[in-house]
Amino acid sequence: MKYSKSIIAIALTSLLAACGGSDDKPETPQTGVFSLGVSDNPADAKVVNIAFKQVVLKGSDGSLSFDVSEDGELKHVDLLTVQGQEVETLVSGQSIPVGEYQMCIYMQNSEVADTNSSYVKTMDDMDAGLVTNSNGSCGGEGAEEEGTGRLFFNKAFTIAAGVNNFVAEFNLSQGLQAPHGNKDYWTLKPTSVQLVNNAEVGAIHGMIDASVMADCEAAAGGSEFSPAVYLYPTTTALENMLDFRPEADIVEPQMAPIASARVNPVTDETETVIGYEYEFGFVAGANYSLGYTCLAQNDDPEVANGADDVDAPFFIHVDEQDVTVTQGTTTERDFNAAEAPAT
């Protein structure tokens, strides 16, 4: 998560029981668990609050709707308060038939600053509205009230008998857009969310040596820094590690990141900072590369930012290669002082 760019693992969890059995046997409920993991958020945000309304599962035999409100009020989740592998429960204990489903998550849109709805608070303590431009029903079900936005997961997934644990991963570094043009509100792109099976993912965690951070800041100059770790596919060399940017601006062998994770301070019982860490909470099992930067605040997903950018320079300072993620485990990988490039 970030005020820099970091990972968040927020979470929408829903315990769903699958129906099983036959006419001459009592049905035995099975548990299916949905987790909504959120990674990344804009560097200049203190709060990214989504006011959730409803979750709908669309199946071949119709749609199932789950009201996520609490005591008649919208379910507010500040994505910056749930990081790494933590989860926030939206729906629990609901029985559904096994089968294939698509999912819609509904949120309250607000084009004006309203802390009773979805909103963003920037680092200068200014509030602004937050919307998603998609709307509509999910198989005839869905929040119908005015100002409702929809996050639609088009790819079908299977609820099987037994435990089914899924994560909807929000890549906010790519999908959360600051106000632009004549707009005064932030926009969440529905395409920035993907659903992954939690049985197929692991995690990455590590520490950042303070000298690595200091070396990056010295190389960057200036006085504003947002430390973050970027995740790249397979073997991406340091010189080919780009920022988040439009696909048209990517030329092989250069690679845009898959996700980014904010570097957070680690404190002891006296609130003294004793280190810095990062974590990617939901990563598919595969091989990856990592890159550390102190300039995540300059990474605009709509623009190609490079080291020679006059207004918003961006570069990856140091890398880690051969990072293997295994299902169900956490890979530890630190950025140590000895790995920082000589200056």
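The model is predicted, and in it the chain has two helices and 23 strands. Buried residues account for 50% of the 343 residues, and the accessible surface is about 15,500 Å², with 46% of that surface belonging to carbon and sulfur atoms. Among contacts between residues at least 6 apart in sequence, 74% join residues that are at least 24 apart.

**Nonpolar cores**

- In soluble globular proteins, nonpolar side chains tend to be buried together.
- The largest nonpolar core in this chain has 32 residues, and those with the most contacts inside it are Ile50, Leu130 and Leu188.
- At least two residues of this core come from each of the strands β4 (45–59), β7 (89–97), β8 (99–108), β10 (127–131), β11 (148–159), β12 (165–171) and β14 (186–188), and β4 gives the most, with six residues.
- Once its neighbours within four places in sequence are left aside, leucine 188 is in contact with a set of residues that includes Ile50, Met107, Leu130, Leu151 and Phe170.
- Another core, of 30 residues, lies apart from the largest one, and among its members are Met213, Tyr230, Tyr278 and Tyr292.

**Helix α2**

- Helix α2 spans residues 210–220, and its buried residues are Val212, Met213 and Cys216.
- The strands against which the buried residues of α2 pack are β20 (273–284), β21 (286–293) and β22 (318–325).
- Glycine 221 follows α2, and its phi is positive, near 70°.

**Two buried glutamines**

- Glutamine 54 is in strand β4, where its relative accessible area is 12%; because the cut-off for buried is under 20%, glutamine 54 is buried.
- A polar atom of the side chain of glutamine 54 lies 2.7 Å from the backbone nitrogen of alanine 143.
- With neighbours within four places in sequence left aside, the residues in contact with glutamine 54 include Ser65, Phe66, Cys104, Gly142 and Ala143.
- Glutamine 297 is found in the loop between β21 and β22 and counts as buried at 18% relative accessibility, while its side chain reaches the backbone oxygen of glutamate 224 at 3.0 Å.

**Disulfides**

- The chain has two disulfides, and when the bonded cysteines are numbered in sequence order the pairing is 1-2, 3-4.
- Cysteine 104 and cysteine 138 form a disulfide with their sulfur atoms 2.3 Å apart, and the torsion about the S-S bond is about 80°, so this disulfide is right-handed.
- That pair links distant parts of the chain, with cysteine 104 in strand β8 and cysteine 138 in the loop between β10 and β11, 34 residues apart; cysteine 104 and cysteine 138 are both buried.
- A disulfide also joins cysteine 216 to cysteine 294, with an S to S distance of 2.3 Å, and here the torsion about the S-S bond is about -85°, so the disulfide is left-handed.
- Cysteine 216 is buried, with a relative accessible area of 0%, and cysteine 294 counts as buried at 1% relative accessibility.

Technical notes:
Residues numbered from 1 in each chain as written. Heavy atoms only, no water. Helix = DSSP H or I, 4+ residues; strand = E, 2+ residues; numbered from the N terminus. Buried < 20%, exposed > 50% of the residue type's maximum accessible area, 1.4 Å probe, protein only. Contact = heavy atoms within 4.5 Å. Areas by Shrake-Rupley, 256 points an atom, 1.4 Å probe, with all protein chains shown as cover. Core = buried A, V, L, I, M, F, W, Y, C linked by side-chain atoms within 4.5 Å. Polar contact = N/O pair within 3.5 Å; in protein donor to acceptor, adjacent residues only side chain to side chain. Disulfide = S-S within 2.5 Å.
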